[in-house]
Amino acid sequence: MRLFVTVGNALVPFDRLLGWVDEAIAALGEPVSGICQHGPSRVRPRGLEAREGLSRGDFDAEMAGADAVVCHAGVGTLWSAIRAGHRPLVVPRRAGLGEIVNDHQLEIVDALVREGRIVRIEGAAELATWLGRYAHGELKRGAPMREDPARLEPVAAAIAEGPARARAPLAGRALLGALALLGPSIERMRR
């Protein structure tokens, strides 16, 4: 199984995610190859080629070639994964753990989980279970999506509505607007 792990371009390490990946690969008992884009993180998951950063071309190539994607909840990363036909296994960064300045990734993840577009991961054992399903062929990525900007409008609307607040913050609305221009429609993904 080829795995693509990415923590994005944040300047803060995301060792929690990479530690879970390392534990999950160890528990999996299946051969795993692929790339881990680790940024400033200290943990290097076994079996994966470690890269601090990737060019846009390398990022897209890894996304296109991976059987499964494990990532943070950055909007650009999620959009790229969904567009490439993945249902990414997502660990949102948390402000309370010093991984990010606020918990906007939790809101994004909650909205996309409700849409069935991503899987929220809460620990190494859960990640190992999901990776095992990919490794044993129970789950497979879908076909890449067309470049239709209207496809993610329902997702952007759901995210903008948010689970806990009546109105998303200005920066979140701007990100969601950008996401709506680039992604697939829910109806198209369900086909």
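Modeller: A crossing is right-handed if the near helix is turned clockwise from the far one by less than a right angle, and left-handed if anticlockwise. This is a predicted model, in which local features need pLDDT of at least 70, side-chain atom pairs count only at pLDDT 80 or more, and totals for chains, interfaces and linings use all residues. Residues are numbered from 1 along each chain as its sequence is written, and side-chain values use heavy atoms, with hydrogens and water left out.

Colleague: At what angle do the axes of H6 and H7 cross?

Modeller: Helices are DSSP runs (H or I, at least four residues), numbered from the N terminus. Axes are lines fitted to C-alpha atoms over the stretch in contact, with angles from 0 to 180 degrees between N-to-C directions. The axes of H6 (residues 153-161) and H7 (residues 170-182) come within 7 Å, and their crossing angle is roughly 165 degrees.

Colleague: Is the crossing of H6 and H7 left-handed or right-handed?

Modeller: Angles over 145 degrees count as roughly antiparallel, and H6 and H7 are therefore roughly antiparallel to each other. The way H6 passes H7 is right-handed.

Colleague: Which residues of H7 does H6 meet?

Modeller: Contact means heavy atoms within 4.5 Å. From H6, Glu 153, Val 155, Ala 156, Ile 159 and Ala 160 take part; their partners in H7 are Leu 176, Leu 179 and Ala 180.

Colleague: Which helix gives the largest share of the lining of the largest pocket?

Modeller: Helix H2 (56-65) and helix H3 (75-83) are the elements that give two or more residues to this lining. The largest share, four residues, comes from H3.

How values were computed: Angles under 35 degrees count as roughly parallel, over 145 as roughly antiparallel, 65 to 115 as roughly perpendicular and the rest as oblique.
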